[in-house]
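Let's take a walk through the inside of a protein together.

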Amino acid sequence: MEKINLARGFDSFTDTWSPQMAGVVNDMAVKLVKFSGEFVWHHHEHEDELFLVTRGRLRMRLRDGDIVLDAGEFLVVPRGTEHCPVAEPDCEVVLLEPVSTVNTGNVRNERTVTELGHIAQ
């Protein structure tokens, strides 16, 4: 077992929109990711996603209205829900989602991450 320090984990990488694996709980991945600006509209057909903001502000754009999250708040986006994360202007987020989850869901583009990096402690 190894404890994870979130601040050091976030300090260990600079890339935005590129989730880094911090741990696994059963078949659920704990990922650290830095957001900057707007991502892409997408959905995940089979996976729910938990977004926990640890620094900054995240606006989750949804087709029926936005939800704004500040540090210390989280949101669960249910499977099949189209969403578009927007950092205002930057934020750090812990994701909890199935290990198999692809960051861009049903969309494939230059921001799609197929192989996760691992945080350095």
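Predicted model: local features only at pLDDT ≥ 70, side-chain atom pairs only at ≥ 80, totals over all residues.

Rolling a probe the size of a water molecule over the atoms shows where empty space is left. How many cavities of 30 Å³ or more does the structure hold? There is one, and the largest cavity contains about 100 Å³ of space.

Now find the residues around that space. The lining of the largest cavity includes Trp17, Phe35, Phe39, His42, Glu49, Phe51, His83, Pro85 and Asn103. Sorted by class, eight lining residues are nonpolar, three are polar and one is charged. At least two lining residues come from each of strand E2 (28-38), strand E3 (49-62) and strand E6 (83-98). Of these, E6 contributes the most, with three residues.

Next, turn to the nonpolar residues. In soluble globular proteins, nonpolar side chains tend to be buried together. Here the largest nonpolar core has 17 residues, and those touching the most other members are Phe35, Phe51, Leu58, Met60, Cys91 and Val93. Two or more residues of this core come from each of E2, E3, strand E5 (74-77) and E6. E3 provides the largest share, five residues.

Beyond its neighbours within four places in sequence, leucine 58 is in contact with residues including Phe35, Phe51, Ile67, Leu69, Pro85, Cys91 and Val93. Finally, look for a second, separate core of six residues, with Phe10, Phe13, Leu32 and Val94 among them.

Technical notes: Residues numbered from 1 in each chain as written. Heavy atoms only, no water. 1 Å grid on protein atoms, 1.4 Å probe; cavity = no way out; pocket = protein on both sides within 12 Å on 5 of 7 lines; lining within 4 Å. Points joined across faces, edges and corners; volume = space filled by probe spheres on them. Helix = DSSP H or I, 4+ residues; strand = E, 2+ residues; numbered from the N terminus. Nonpolar A, V, L, I, M, F, W, Y, C, P; charged D, E, K, R; others polar. Core = buried A, V, L, I, M, F, W, Y, C linked by side-chain atoms within 4.5 Å. Buried < 20%, exposed > 50% of the residue type's maximum accessible area, 1.4 Å probe, protein only. Contact = heavy atoms within 4.5 Å.
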